[in-house]
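I kept to what I could look up and wrote the cut-offs beside the terms.

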Amino acid sequence: MIKSPPTCEALFDSNTHHSPAPLTIGSVVVDPPILQAPMAGFTNYAFRQIVREFGGVGLQATEMVNARGFVWLDERAEHPDRLWGVADEARPLAVQIWDNDPETMARVGSRLVSEHRVSIVDINFGCPVKKVTQRAHSGSYLLSQPERMGQIIEGLVAACAPTPVTAKIRLGCTRDKINAIDIAQVVEGAGAAALTVHGRTAQDMFSGNADWDRISAIKPYLKKIPLIGNGDLDSPQAVVKAFANYAIDGVMIARACLGRPWLFSQCAAALRGLAIPPDPSPLEQRDIMLKHYALIVDRFGESKGTVLMRKYASCYAQGKPGARNFRSLIAKVGDAQEFHHVVNEHFPVTT
Ligand SMILES: Cc1cc2nc3c(=O)[nH]c(=O)nc-3n(C[C@H](O)[C@H](O)[C@H](O)COP(=O)(O)O)c2cc1C
């Protein structure tokens, strides 16, 4: 049964409520100031398209793209796949890239701007996985090398101008070396147009809670560019509270939107002080998932597309009764018939 939608009045101090101003990143207007995070393996064209149709998202981001591979190995499968849809889809759209070499990053940025006309080039300074940090000295590894970060940003800004360049960081590499305030100043000084901060260190991975006080503490040190807070936002209420309680200009949502692509529309309504639209009905949610599946199969073919869709389907089931059973069955499907069979049998799961 669908609960009646909460109104937002209770979320606001009724006399002081006003929606946060649209965010501007260089010349790009991000309205509402709610961003869809880059997520490797998830935020490809199909997912972005589903999110976009619900609305409420001010800026969407691709999965991270390895800059070195992009420059040298265009024909390698990863890059066409990771840039799937980018050339033609609606704007604004940010493409996120990672590497530790300023020249490589600049070359890739310049191509993304000239060949793909992306709205924003975002740099990944937050990825904590070993393949990126220990092996490639990139992502969050660079938080310990602010000088190198500055060189990467400066080179990219010059190569991409007037397209804005942004940076996404964590609070630091380890809990005893939190240096987000210093890093923020390097990022701004090097010419970036916005800073997104995930309120954990690389050491934390995803444990504990995002530290929004530390995100907020960065704000006084940024003179010109907006600060976007990220970490653990999973409801319209959480987004409204983030704007009310912390000194941020925008918010970014990652994990919570994977199985709820309609979350942005709910958050946007809440920020505007409007009634929060209810979740789609179970049948509607099933149709959204099937549409997602059709987009994936269209791109990757039935066999690879079905395997890829297993993880997205599991996200849609998350938090629902019967999710565990659904997940174990969907993990074994190999073609469209099996996929549809499991979905029709087990999703929507009636309460
Ligand atoms: C599966 C997955 C993939 C991710 N991939 C990226 C990525 O490619 N680039 C990036 O900057 N962050 C990536 N992140 C981190 C998220 O963008 C975000 O910073 C983090 O999940 C915290 O936000 P949340 O609490 O809303 O999930 C990823 C996170 C997850 C769960």
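I took helices (H or I, at least four residues) and strands (E, at least two) as DSSP runs, numbered from the N terminus. In this scheme, F206 sits in the loop between β8 (194-198) and α7 (212-216).

Ground rules next. The model is predicted, so local features need pLDDT of at least 70 and side-chain atom pairs count only at pLDDT 80 or more, while totals for chains, interfaces and linings use all residues. Residues are numbered from 1 along each chain as its sequence is written, and side-chain values use heavy atoms, with hydrogens and water left out.

**Entry 1: overall form.** I counted 13 helices and ten strands in the protein chain. The C-alpha trace spans about 55 × 55 × 40 Å along its principal axes. I then checked the radius of gyration, which is taken over C-alpha atoms; the globule rule is 2.2 Å times the number of residues to the power 0.38. For 351 residues a compact globule would come out near 20 Å, and the protein chain has 20 Å, which agrees. For burial I used relative accessible area: buried is under 20%, exposed is over 50%, and partly exposed is in between (1.4 Å probe, protein chains only). By that count, 53% of the 351 residues of the protein chain are buried.

**Entry 2: ligand.** Which residues are the closest to the ligand? I found A40, Q96, N230, D232 and R255, out of 17 residues that surround the ligand. A residue is listed here if one of its heavy atoms lies within 4 Å of the molecule. I then went through polar contacts, which are pairs of N or O atoms within 3.5 Å; within protein, one atom must be able to donate a hydrogen and the other to accept it, and residues adjacent in sequence count only if both atoms are side-chain atoms. A backbone N or O atom of A40 is 2.8 Å from a nitrogen atom of the ligand. A polar backbone atom of P38 is 2.9 Å from a ligand oxygen atom. For M64, a backbone N or O atom lies 3.4 Å from an oxygen atom of the ligand. On its own the ligand has 600 Å² of accessible area, and the protein covers 87% of this. Accessible areas come from the Shrake-Rupley method with a 1.4 Å probe, and for residues only the protein chains shown count as cover.

**Entry 3: salt bridges.** My criterion was a side-chain nitrogen of Lys or Arg within 4 Å of a carboxyl oxygen of Asp or Glu. A search of the whole structure gave 14 salt bridges. I looked up some of them.

- R68 and D99 pair through their side chains at 2.7 Å, N to O. R68 is in helix α2 (residues 67-72) and D99 in the loop between β5 (93-98) and α4 (102-116), so the pair ties together parts 31 residues apart in sequence. D99 is buried at 3% relative accessible area, whereas R68 is partly exposed at 30%.
- R299 and D81 meet at 3.1 Å, N to O. R299 belongs to helix α10 (residues 282-300) and D81 to helix α3 (residues 78-82), so this pair ties together parts 218 residues apart in sequence. R299 is partly exposed at 34%, and D81 is partly exposed at 21%.
- E115 and R111 form a salt bridge at 2.9 Å, N to O. Both lie in helix α4, four residues apart, about one turn of the helix. E115 is partly exposed at 43%, and R111 is partly exposed at 23%.
- R48, R52 and E89 are linked in a network of salt bridges.

Entry 4: I returned to F206, which is partly exposed at 47% relative accessible area.

**Entry 5: two separations.** P278 is in the loop between α9 (263-271) and α10 and is partly exposed at 45%. Its C-alpha atom is 34 Å from that of D204, 74 residues apart along the chain. R310 lies in helix α11 (residues 302-317) and is partly exposed at 24%.
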